[in-house]
Amino acid sequence: MAGSETHQAIEAIFRIERARLIAGLARMVRDVGLAEELAQDAFVTALSEWSRTGVPANPGAWLTATAKRRAIDLLRRSRMLARKHAEIGRDLSEEDEAGIAAIEAAMDDDVGDELLGLIFIACHPVLSREARVALTLRLIGGLTTDEIARAYLTSEATVAQRIVRAKKTLGKAGLSFEVPRGEERRDRLVSVLEVIYLIFNEGYSATAGEDLIRPALCAEARRLGRILAGLAPDEPEVFGLLAIMEIQASRLAARVGPQGDAIPLTEQNRALWDRFLIRRGLAALERAESLGGAAGPYALQAALAACHARALRAEETDWPRLASLYDILRSVTPSPVVDLNRAVAHSMAFGPEAGLVLVDEIDPAALPHYAPLPAAKGDFLFRAGRLSEARNHFELAAELSRNAREKAFLLGRAAACSV
Amino acid sequence: MRVMVLVKATEDSEAGVMPTTELFEAMGRFNEELVKAGILLAGDGLKPSSQGKRVAFDGPGRTVIDGPFAETRELVAGFWLWEVKDMAEAVEWVKRCPNPMFGPSEIEIRPIYEMADFGDAVTPEIAERERQLRAKTSGQ
């Protein structure tokens with residue numbers, strides 16, 4: 001009984017220490033895969049020792065010391081091997097000690113910096129997006145390959161192979177484990193934020209009844225965002241991303257109906273929105289803006305989400321502000337989807353004709369087979385009283401939709417056009 | 001899961017005795033650890049119960065009682081709101097907290113209810129009723 005309690009405690013400790021431990025080791029041995037193995041070894045040692053002796057007063061320091069010793073042994077052995085091969089004499093032992101001293105110094109460096117370094121490595125642009133996501137979830141999030149596979153509806157073998165390849169790619173690239181600075185930091189941060197937002201959206205798109213690990217990705221992404229905010233407190237876009245995630249997460253309970261159907265933002269029961277998360281999101285957005293990042297793509301999207309979050313009822317939505325935010329977002333991150341949302345915002349702020357003008361500026365070839373495009377235009381036409389044109393657009397949208405409930409909804413709107 | 005971490009009051013905290021600079025610093029470092037681990041959502045310290053009030057309910061009756069309140073060890077002197085994987089993780093973090101008081105003290109961890117806690121016993125209909133109830137109670 002006590003044994004299983006100790007086991008649980010050890011697992012919790014390892015979860016707390018794991019990322020930091022791997023980060024310190026990775027900088028020391030300059031190999032993410034080896035660092036993970038060393039951390040795992042230390043955990044196994046702890047499991048057998050602590051079960052007998054009890055958990056030490058400072059378990060983090062114990063794990064670090066154990067893993068470090070193992071790493072130094074490993075290094076000595078490989079040096080010894082090299083010495084035998086090269087048959088060089090005594091000199092090397094001095095170099096050996098110097099190397100070990102350097103390693104010890106590296107392990108004592110600022111822990112936060114090491115973790116940040118590891119996050120940057122896991123999200124390195126030499127890796128594919130999928131690899132970055134998998135490696136981040138594995139190394140920083142501490143998810144098992146099985147959990148990652150379930151979250152991404154793929155096989156464990158695929159994920160395992162993806163991670164092995166990613167580690168090899170990193171090894172071959174011979175990267176620095178330092179936190180990048182200046183312009184490089186800015187570019188690399190873009191990749192880190194993208195990975196976290198990808199993880200969040202994967203979780204957000206999960207529907208009720210799916211494996212619980214999928215919605216748990218939202219919580220994991222938010223945790224990663226908060227870690228990043230703690231480690232890089234001067235980066236406005238980190239807080240912009242955090243703000244989007246908190247505000248979107250505030251709607252988790254309201255965005256699906258009892259039958260699992262998605263409820264559009266304007267029709268959600270806002271009493272179900274988590275006001276605590278909204279407050280946290282608004283605070284993060286304020287922080288992004290006070291750091292001079294109001295025009296950053298994440299901060300802008302957070303400002304859009306905040307506009308909805310601030311309105312206690314859908315009728316109170318500040319559509320003119322949303323319209324002007326979309327005008328800015330469009331110039332920062334041009335995309336036809338942004339243009340479509342912009343048209344919707346303008347139609348709500350300034351009337352359906354304004355929406356029609358903007359929606360007609362969008363090249364339909366840029367959004368092929370995209371149901372929301374004709375659906376939005378159908379809505380503008382309907383509100384402008386051009387019912388037969390509206391019906392055609394709703395029918396086209398219904399035809400393009402691959403979601404049965406959405407299809408039914410659009411056909412319903414088409415039917416409502418024939419009065 | 002979200003947990004509420006409650007720092008229990010002591011005679012000192014109820015007397016309004018301020019922590020030492022060392023304790024402030026140690027607490028600051030601990031809070032920083034919580035931030036860097038991404039688990040801290042909120043937290044604050046509470047003034048002594050002598051500055052608090054209670055409202056006692058009995059049927060339609062409402063009686064306001066002024067502090068201080070007698071049962072010192074059951075009172076709350078501060079709280080955190082954390083997001084952790086499970087109770088074991090919360091316990092491990094609490095163990096790392098410096099003793100928040102001068103003498104012996106206690107910290108209590110209480111998980112916050114989530115719909116998922118009710119598991120399969122909750123049908124969509126019950127969940128919907130719960131939603132509507134919460135909608136009403138949150139004043140909309």
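A salt bridge, as I use the term here, is a side-chain nitrogen of Lys or Arg within 4 Å of a carboxyl oxygen of Asp or Glu. The model I am looking at is a predicted one.

**Entry 1: salt bridges in chain A**

I started with Arg20(A) and found it bridged to Glu17(A), with the closest N and O atoms 3.5 Å apart. Both residues sit in helix α1 (residues 2–29) of chain A, and they are three residues apart, about one turn of the helix. Arg20(A) has 21% relative accessibility and counts as partly exposed, while Glu17(A) is buried at 8%.

Next I checked Arg214(A), whose side chain meets that of Glu202(A) in a salt bridge at 3.0 Å, N to O. Arg214(A) lies in helix α10 (residues 213–231) of chain A and Glu202(A) in helix α9 (residues 182–204) of chain A, so this bridge ties together parts that are 12 residues apart in sequence. Arg214(A) is buried, with 4% relative accessibility. Glu202(A), at 24%, counts as partly exposed.

For the tally, I get 38 salt bridges over all chains.

**Entry 2: a salt bridge in chain B**

I turned to Glu71(B), which forms a salt bridge with Arg54(B), the closest N and O atoms being 3.0 Å apart. This one links distant parts of the chain: Glu71(B) is in the loop between β4 (61–66) and β5 of chain B, Arg54(B) is in strand β3 of chain B, and they are 17 residues apart. Both ends are partly exposed: I have 36% relative accessible area for Glu71(B) and 32% for Arg54(B).

**Entry 3: the sheet in chain B**

I traced an open sheet of four strands in chain B, with the order β2-β5-β1-β6 and antiparallel pairing. Which strands stand at the edges? They are β2 (40–45) and β6 (107–111) of chain B; each has a single partner strand, so one side of each is left without a neighbour in the sheet. From one strand to the next, the twist averages 15 degrees.

I looked at one pairing in detail. Strand β1 (residues 2–8) and strand β5 (residues 76–83) of chain B run antiparallel to each other and pair over seven bridges. Val5(B) stands opposite Trp80(B) in β5(B).

Then I checked the helices against the sheet. Helix α2 (residues 21–36) of chain B lies across β2 and β5 of chain B, at about 25 degrees to β5(B). Helix α3 (residues 87–96) of chain B also packs on the sheet, where it touches β1, β5 and β6 of chain B, and its direction makes about 160 degrees with that of β6(B).

**Entry 4: a nonpolar patch**

I looked for nonpolar surface and noted a patch of about 320 Å² made by Val55(B), Phe57(B) and Val64(B). Val55(B) belongs to strand β3 (residues 53–58) of chain B. Its relative accessible area is 46%, so I put Val55(B) down as partly exposed.

**Entry 5: Gln248(A)**

Last, I asked of Gln248(A): buried or exposed? Its relative accessible area is 16%, which makes Gln248(A) buried, since the cut-off is under 20%. Gln248(A) is found in helix α11 (residues 236–249) of chain A. Leaving aside neighbours within four places in sequence, I find Gln248(A) in contact with Tyr197(A), Phe200(A), Asn201(A) and Tyr204(A).

Methods
Residues are numbered from 1 along each chain as its sequence is written. Chains are lettered from A and ligands numbered from 1 in the order in which they are written. This is a predicted model: local features need pLDDT of at least 70, side-chain atom pairs count only at pLDDT 80 or more; totals for chains, interfaces and linings use all residues. Side-chain values use heavy atoms; hydrogens and water are left out. Patches are made of residues with over 30% relative accessible area and no salt bridge: like charges are joined within 9 Å, nonpolar side chains (Val, Leu, Ile, Met, Phe, Trp, Tyr) within 5 Å. Accessible areas come from the Shrake-Rupley method with a 1.4 Å probe; for residues, only the protein chains shown count as cover. Helices (H or I, at least four residues) and strands (E, at least two) are DSSP runs, numbered from the N terminus. Buried means under 20% relative accessible area, exposed over 50%, partly exposed in between (1.4 Å probe, protein chains only). Two strands pair if DSSP finds at least two bridges between them. Axes are lines fitted to C-alpha atoms, for helices over the stretch in contact, and angles run from 0 to 180 degrees between N-to-C directions. Contact means heavy atoms within 4.5 Å.
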